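User: I would like to go through this model with you, from the overall fold down to individual residues. Could you take my questions one at a time?

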Amino acid sequence: MAEDVVDLIEAAELPLEQVGGKARGLGRLVAAGFPVPPGFCLTVDAFAASPDGAEDEGDAGGPGLLPDAVARARARWDTLHAPHGVAVRSSATSEDGATSSAAGQYESVLGVRTFEELLAAVGRCRRSRHSAGAEAYRGRIGLDDEAPAMAVVVQAMVAPTWAGVVFTAEGPVARADHLVLVEAVEGLGTGLVDGLVEPSRAAFSRHEPHAPAFSTSFGERMGESAERSGPLRALVRTALAVEEALGGPQDIEWALDDDGLHVLQARPITAAVPHPTRFGDWVSEVPGARWARMSICDSWLSDPLSPLFASTLFPTLIDRWATNWGGPTALRRRSPLIPEPMHGTVNGFAYLRFDFPLSRHPLRTLRLTARWLGFHLSRVERRWRGEVLPALRDGLERARDTPLADLAPAEVLRRIRTVEELSARYWAVIGGLAWHWNTSEWLLDAVLARGGRRTAGMTAGSLLVGGERLAHQADRALERIAAADPAAEEELLREYLERFGHLVYSLDPAEATAIDDPSMLRSVVAGRRDGGEPGTRAQLPGSGGEGDPVRRLGRGPLGRTRLRIYRWAHHWSGVRDEALHHFTLGWPFMRAGYLELGARLVRAGLLDADDDVFYLTGEELSGWVSTGAGDARWRDLVSERRLRRQWQRRLNPPDVVPADARIMLFGTDITSLALFGVERQEEREDGLSGSAVSPGSYTGRARVVHEIAQADALERGEILVVRQVTPAWAPLLARVGAVVADVGGALSHGSVVAREYGIPAVMGVRTATSRIVTGNMLTVDGDSGTVRLLGDA
């Protein structure tokens, strides 16, 4: 039996040296029953050899086929059902292997409709193995310089409505937390494979029911949703079946037409697939709603929310904040101006609504504006000091009067809810305080910028640092621990945590605090004890000396005006320091309470670990507390939700959703007011840009820290690259040369911390933690708000 022209299913049983990797892989797919378009293979034996034993490429433009092979190929051609023509592709013996794919290195010819065109296409495919690109590829991956033997695959084409590729895992070895990554275009997939078309993207769990990791609008057009399985999840199931049949993660080309799914080819994944930072669509889950990552979302919540926080404390915080200027919930629901709900998530990230139809209701808008101004211009500081802060302290003291382990589940949850409510009322009054400190700092910067040579180089940030601020107090406490006898470290650290341990790295209680894990503090103390790390470096404003920056504000009417504004801003800067310090007093208690309930759920056999509780919703947890009955599926749900949050962390949330969302007031775009303090610049090829929040320039090695547990690796003088900076990060800043953060602006809390430590900082960069990798050399310019990428160290 001649084996120079064979059906694809026959190629599965022939040696790789005879049919090449692509034909053999397609043959195995056909043999396993997958929907592969019909076709045949011209094996290596079909081609003539020259007198020296090398394969003959034939005359110029010819296929180099043996005469008998041409006849047998003609017979196969005549019986092949291919109404849309055929694709002619290489199948080199080194192609689509376990160590090299050679994807795109050899020529493919599509839309071949006559036998004469087929012969010409076969010749083109064969000759492409000698191309400069193919030779460079082989040299780069360490293959022999000699071109490999090559078979050719002829396969019927389909006329797809959608086509693309699917990666069954994110690397050559599949892990449980890997995603199945799908890229798709409408029509033929050639533009996608050639890198000429930007595809739509989706990502799915490897585990049934293969839930989508991120929202996917194009999947919805194909009939897919989070609740309903459609063509995309059918593709995922087929792709994973291909992976199992072929014995490892696969890069699969596919097409979807009126007859269903077709697998066009599959090759082993030979290298890590890039993380899908651009996967998913940023589409509102509330039809017509517009969202912004403003206020609490930008300053405190850089990561996707845990299900428990998203359904309990987060909405409570926003509801109390909206009550200040919009009135009680019942009143807001009747107002055509105020959208409900005011809070939400997109791909897990926190957003606030800003689709206020202000122009449609001018009288109501005036009343709402008056109510807003009335709150912010009221004696909000007196209310904070005299009512809200004492209420939080007293309520927290009462909540902690009995060990949590001695309380019934219902009482534990009641006390958590009480502290959540007190914390939300505290956050609501911070909204009024923040108007004063933001406005005063902005105004101080404005008058300094117009002061000419007298105030040249001065900024609000440089004037408002220092003094007896809490960042400095915390820093001195760490210095005392480092200077003390090591035997006293534990006692002094306990005292430090009693005063500063409530400061959080994220508002989401799912994230550990310094009380839970003080290893970062121990690392800072060790560094200072060894004499390698200084304390805070910010220069304090003078008190009357020749170089006192306050004296440079000048005399006369203008100087006195600047001085009054400076004193106003200085007062509110101190209020900000104290108010934000106390904001999270209740967080350690709330986290401990939830972990106590989680431990009881573990003992009840409903969860595997106490911190799994953060992956239940508030409704699910309340139901168990009130009835004692849980859901046997919680373990699987928690596992899926953990993975989804882990995947969502890879994404870079935009400022607004949808991208063209704007707030209009009587024809004027006032969107910038919602994003007050955040500057956006165009990204450059050699760097990133954001808000210039702390002056100075520094060049050094980057250290990307995705979570505080990784901070121990941070070395002195490195540039800290993080999602966000909250006051809890302050102890690390004495170690670094500069800071770059994904979120935050000139008025965010992290910017104040950076200025207190006197280090250059650029925040609101958005893509810093995904574009920068540890080891990159950077120049951080805190004056211009730019981060220049200089390469590796």
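Predicted model: local features only at pLDDT ≥ 70, side-chain atom pairs only at ≥ 80, totals over all residues.

User: How many helices and strands does the protein have?

Analyst: There are 27 helices and 24 strands. Both are DSSP runs numbered from the N terminus, helices being H or I with at least four residues and strands E with at least two.

User: What percentage of the residues count as buried?

Analyst: Of the 793 residues, 55% are buried. Buried means under 20% relative accessible area, exposed over 50%, and partly exposed in between, with a 1.4 Å probe and protein chains only.

User: And what share of the contacts is between residues 24 or more positions apart?

Analyst: Such residues account for 69% of the contacts with a separation of 6 or more. A contact here means heavy atoms within 4.5 Å.

User: What is I296 in contact with, beyond its neighbours within four places in sequence?

Analyst: With those neighbours set aside, I296 contacts L301, F314, L317, I318, W427 and L507.

User: Where does V625 sit, and what is it in contact with?

Analyst: V625 belongs to helix α22 (residues 618-627) and is buried, at 17% relative accessibility. V625 and P409 are 216 residues apart in sequence, yet their C-alpha atoms are 5.9 Å apart.

User: Now the cavities. How many are there?

Analyst: The count is 6 cavities of 30 Å³ or more. On a 1 Å grid over the protein atoms alone, a cavity is a set of points where a 1.4 Å probe fits but cannot get out, and lining residues have an atom within 4 Å of a point. Grid points are joined across faces, edges and corners, and a volume is the space filled by probe spheres set on the points.

User: What lines the largest cavity?

Analyst: The largest cavity holds about 320 Å³ of space and has 26 lining residues, with A471, L503, P727, A730 and V753 nearest its centre. Helix α20 supplies the largest share of this lining, 5 residues. The lining divides into 18 nonpolar, 4 polar and 4 charged residues. In these classes, Ala, Val, Leu, Ile, Met, Phe, Trp, Tyr, Cys and Pro are nonpolar, Asp, Glu, Lys and Arg are charged, and the others, Gly among them, are polar.

User: And which classes line the second largest cavity?

Analyst: Its lining has 3 nonpolar, 1 polar and 7 charged residues. The second largest cavity contains about 80 Å³ of space, and R293, P653, D742, V743 and R766 lie nearest its centre.

User: On to the aromatics: how many pairs are there?

Analyst: There are 12 aromatic pairs. Rings of Phe, Tyr and Trp (its six-membered ring) pair if their centres lie within 6.5 Å; planes under 30 degrees apart count as stacked, over 60 as edge-to-face and the rest as tilted.

User: Why is the pair of W325 and F356 edge-to-face?

Analyst: The planes of W325 and F356 are at 65°, so the pair counts as edge-to-face, with ring centres 6.1 Å apart. W325 lies in helix α11 (residues 313-326), and F356 in the loop between β13 (349-353) and α13 (362-376).

User: Which cluster do ring pairs form?

Analyst: Ring pairs link W300, Y426, W427, F583 and W587.

Key
Residues numbered from 1 in each chain as written. Heavy atoms only, no water. 1 Å grid on protein atoms, 1.4 Å probe; cavity = no way out; pocket = protein on both sides within 12 Å on 5 of 7 lines; lining within 4 Å.
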